Amino acid sequence: MAPLQKVVVVYGATGVQGRSISLSLLKSQQNFVVRALTRNPQSEKAKELARLGAEVVKADGFNDNDMENALSGAWGFWLNTHHHDPATQQPNGPTDEDLGNRLIEIAAKAGVKVFIYSTCESPAEFTKGVAPVPGMDAKHRCEMYARTFKEFDAVIGAFPGWYFENYVTPEYAQAFGGFPMFPDNEGYLTWHAPLVGGEGKVQTVSIEDDFGEMVHGMFLNPLKWKNKTIQCLSDAFTYEDMVKTFTEVTGKKARYVPMASADDFPTHGNSVLIELQDVFRYTQNNNGWFFGNPDDFATCQSLKDEARRDKGLEPEPVISLAKYFIKHYGPN
């Protein structure tokens with residue numbers, strides 16, 4: 001008799017995180033069924049997932065009926081809410097924390113057994129209130145709330161580092177001085193940002209290359225990771241090493257120009273940039289540790305290894321900064 005299918009619901013399946021997880025799980029040799037949730041099943045990314053075998057379902061997280069139907073019969077649930085979504089920024093509307101808590105409640109009631117949440121540790125706790133980051137603290141509270149539900153066999157937090165993908169996003173390049181896309185007036189690709197604190201290393205993950213496989217690995221052995229918040233990172237490096245590596249790969253002039261204070265980081269009233277300013281304050285008050293603790297590469301690699309083994313693929317190390325730059329900018 002064939003093993004029972006395990007339906008894994010992926011919330012926001014066409015987003016950066018959800019798509020990476022969906023693409024990895026669709027190659028699993030387990031009996032997973034990927035139920036990919038999206039507000040727009042007619043988008044190209046949704047159609048791609050459908051062609052690859054996903055069960056694409058139209059669902060809006062703010063609609064309880066949609067989510068109850070989407071989670072019916074599900075074994076696993078991946079959830080990543082977007083705390084900069086304009087829908088959660090309305091004065092009298094639900095916050096991202098409200099939305100996350102409500103979706104947790106619906107999942108528990110639906111009988112979901114494995115809940116994996118895109119989370120953060122609490123900067124307020126690590127810095128004893130000196131340097132909170134409201135969005136990160138709220139996600140931490142959601143994860144802790146999920147752990148109170150006995151209906152779940154396992155609640156797991158997946159905490160991603162700074163995205164490597166930010167280095168191929170023009171908006172981020174412009175926010176930090178132009179690196180690695182727009183030369184300044186002196187012809188340099190300049191990264192202009194506050195100091196990180198501690199050893200100055202930035203914990204970074206490639207969502208496309210590594211993150212999806214790490215979460216895939218969590219779904220393979222959820223009881224092992226029950227009630228754990230897992231760092232998800234590919235590499236860690238200083239800004240000085242970052243620009244040096246880019247120059248070595250491309251031959252282009254690049255430099256890091258530090259800001260004297262996090263207060264000098266321009267936010268332009270943008271909620272994403274305001275949060276990044278808060279993150280710099282947090283890491284400066286926490287030994288430079290974005291994850292709250294020293295980096296744990298071993299767990300990241302083991303999760304990736306398990307996922308690749310499940311897909312019948314050869315082992316592959318998590319991607320390095322140099323390899324990421326080679327992949328996207330190529331050597332001269």
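Author: **The second largest pocket**

The lining of the second largest pocket divides by class into three nonpolar, seven polar and five charged residues. Here Ala, Val, Leu, Ile, Met, Phe, Trp, Tyr, Cys and Pro count as nonpolar, Asp, Glu, Lys and Arg as charged, and the others, Gly among them, as polar. The model is predicted: local features need pLDDT of at least 70, side-chain atom pairs count only at pLDDT 80 or more, and totals for chains, interfaces and linings use all residues. Residues are numbered from 1 along each chain as its sequence is written, and side-chain values use heavy atoms, with hydrogens and water left out.

The second largest pocket holds about 250 Å³ of space. Its lining has 15 residues, and H83, Q89, P134, G135 and E275 are the closest to its centre. Two or more lining residues come from each of α4 (96-110), α6 and α10. A pocket is an open set of points on a 1 Å grid over the protein atoms alone, where a 1.4 Å probe fits, with protein on both sides within 12 Å along at least five of seven lines; lining residues have an atom within 4 Å of a point. Grid points are joined across faces, edges and corners, and the volume is the space filled by probe spheres set on them.

Next, the loops beside two of those helices. Helices (H or I, at least four residues) and strands (E, at least two) are DSSP runs, numbered from the N terminus. K128 sits in the loop between α5 (123-126) and α6 (134-146). Its phi is near 55 degrees, a positive value in a residue other than glycine. K128 is exposed, at 76% relative accessible area (exposed is over 50%, buried under 20%, partly exposed in between, with a 1.4 Å probe and protein chains only). E125, in helix α5, is exposed too, at 55%. N287 lies in the loop between α10 (271-284) and α11 (297-310). N287 is not a glycine, yet its phi is positive, about 60 degrees. Most residues other than glycine have a negative phi, and most peptide bonds are trans. The bond from F179 to P180 is cis. P180 belongs to the loop between α7 (170-175) and β8 (189-194).

Now the strands. Strand β4 (residues 76-79) is covered on both faces: G76 and W78 on one side, F77 and L79 on the other, all buried. β4 runs parallel to β1 (residues 6-10), with three bridges; strands pair if DSSP finds at least two bridges between them. V9 has F77 as its bridge partner. β4 also pairs in the parallel sense with β5 (residues 114-118), over four bridges. There, W78 stands opposite I116.
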